[in-house]
Each structure stands twice: as structure tokens, then as C-alpha cells.
Amino acid sequence: MNVGERIRELKLVPVVVIEREEDAEAMLGALERGGLPVAEITFRTACAPQAIKLACDKFPGMLVGAGTVINAGQCEKAIDCGAKFIVSPGLAEDVAEVCGARGVPYYPGVVTPTEIMKAISLGLTDLKFFPATSYGGLKTIKALSAAFPQVRFMPTGGVSEDNVLEFLGFEKIFACGGSWMMKGSAEEIEEKTRRAVALIKAKQ
């Protein structure tokens, strides 16, 4: 199973912000025990490269990616550390180029028709819709999908336990990104993750 298929199967990609490297193992272990072996580790903290490497070493069954990647240098470093997919808040052509050259899926953030057209011109059709609820949420995604039937979306930003099923109920949404399950202690992360996984499975 390739990366895209695995993400579509799991349906939920936790956005993981690791401030201290020593916290990584507990947080990722809680995700895995909760039944969600995937993590988008954001590249906006100093220890992100080390956290990605640790995640790949300690959790070989987990699909580990890098998020908030905004330039080619970050992208190269993330992939060198083991990231299996790359996510950006916007569309960066140099990141798309690195991912293409290294055979790593790239999910750029888009919200406008112009950005979607640019992504399509780069050969990208699985796109992050970010920040989702700030830009009209499902209503906007449906409008964009009518114009771009070849595109599928991963809404992120404002996705929660309360609205995730509403998003996933639309056929053009292949997964959701979310951080709500990452709040609190390792035990709380595990419990919230378990609840999210059960919620999604119950509707499949």
C-alpha cells in the first residue's frame, strides 16, 4: 500500500507539534496505541528533524510525514530524516520539485481556484484545504469541487470531533487533518485518538 492509499484508509492525519524532542516518543506512542499510526510532524519547531527521525526509528509501523514545510531546504531535511510525505500551509513550487525528484507525496495547502490551477499544472490533485473553517469549510470545498472534479481535498484547520464526519461524508474529501486529539497528556492523547478512530469507523 502506498502513502496516499494509507492516508485514504486511515482518513485522519494528526497534526503533531513537538516542542521538545523528549516528548516525541510519548506523544507518538499514544497515537499508535489509540489506533492511528500516522503523524504529520510540523516543521515549525527547532526539534522537528530529530522528532521525525526518532518517530521513524522507534515506530516503524507508523506513517511519518512533515508538515508546515515552506521551502526546498526544509523539504530535503525532512525527507533525509525519514518523512514519507510532505505537507505545506500553501503551495511552494520548490517543495513540489524536491518531492517530485525524490518520489515523496506532496500535499500543498490551497484555498483559491488560482492556487488549485497552479497545483494541477504541477501534477498535484490531492490537496490540503487550509485553513478549512476560516475559508468556508465544506461549502467552499463543494463549490471548488464542481469546478475541479479531478481534485480531492484534505481539510485542515478548524477540523474537530464535532465536524470531522461532516467533512468525511463528502466524496471529494480523502482525509482530514486535525490537532484536537494531540492536546493534553499521553493518556489523554490516546483516549481522544481512540475516540476519533471509533467515530470514523462507525460511519464507514
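Two bridges join strand S1 (residues 12–16) to strand S2, and the two strands run parallel; here two strands are said to pair if DSSP finds at least two bridges between them, and helices (H or I, at least four residues) and strands (E, at least two) are DSSP runs, numbered from the N terminus. The model is a predicted one, in which local features need pLDDT of at least 70 and side-chain atom pairs count only at pLDDT 80 or more, whereas totals for chains, interfaces and linings use all residues. Residues are numbered from 1 along each chain as its sequence is written, and side-chain values use heavy atoms, with hydrogens and water left out.

On the way from S1 to S2 lies helix H2 (residues 24–33), and the three elements make a right-handed β-α-β unit, where right-handed means that, with the strands pointing away from the viewer, the path from the first strand over the helix to the second runs clockwise. Strand S2 also pairs in the parallel sense with strand S3 (residues 63–67), over five bridges, and Gly-65 is the bridge partner of Glu-40 in S3. A right-handed β-α-β unit is likewise made by S2, helix H3 (residues 48–58) and S3.

Strand S2 (residues 38–42) is mostly covered, since five of its five residues are buried, a term that means under 20% relative accessible area, while exposed means over 50% and partly exposed lies in between (1.4 Å probe, protein chains only). In a regular strand the side chains alternate between the two faces of the sheet. In S2, Val-38, Glu-40 and Thr-42 point one way and Ala-39 and Ile-41 the other way, and all are buried.

An open sheet of three strands has the order S6-S7-S8, with parallel pairing. Strand S6 (109–110) and strand S8 stand at its edges with a single partner strand each, so one side of each is left without a neighbour in the sheet. Four bridges join S7 to S8, and Leu-127 has Phe-153 of S8 as its bridge partner.

In helix H7 (residues 137–147), the buried residues are Gly-137, Leu-138, Ile-141, Leu-144 and Ser-145. Seen down the axis of H7, these residues fall within an arc of 125 degrees, so they line one face of the helix; the arc is that of the directions from the helix axis to the C-beta atoms. The face turned away from the buried side of H7 carries the exposed residues Lys-139, Ala-143, Ala-146 and Ala-147. The cover over the buried residues of H7 includes helix H6 (113–121), strand S7 (126–129), strand S8 (152–155) and helix H8 (164–168).

Thr-156 lies in the loop between S8 and H8 and is buried, with a relative accessible area of 6%. A polar atom of the side chain of Thr-156 lies 3.4 Å from the backbone oxygen of Met-154. Not counting residues up to four places away in sequence, Thr-156 touches several residues, among them Val-15, Phe-129 and Gly-177, contact meaning heavy atoms within 4.5 Å.

Glu-190, in helix H9 (residues 186–202), counts as buried at 18% relative accessibility. Its contacts, not counting residues up to four places away in sequence, are with Ala-30, Arg-33 and Gly-34.

The structure holds zero disulfides, a disulfide being a pair of cysteine sulfur atoms within 2.5 Å. For Cys-56, the nearest cysteine sulfur, that of Cys-81, is 8.2 Å away.

Key: Polar contact = N/O pair within 3.5 Å; in protein donor to acceptor, adjacent residues only side chain to side chain.
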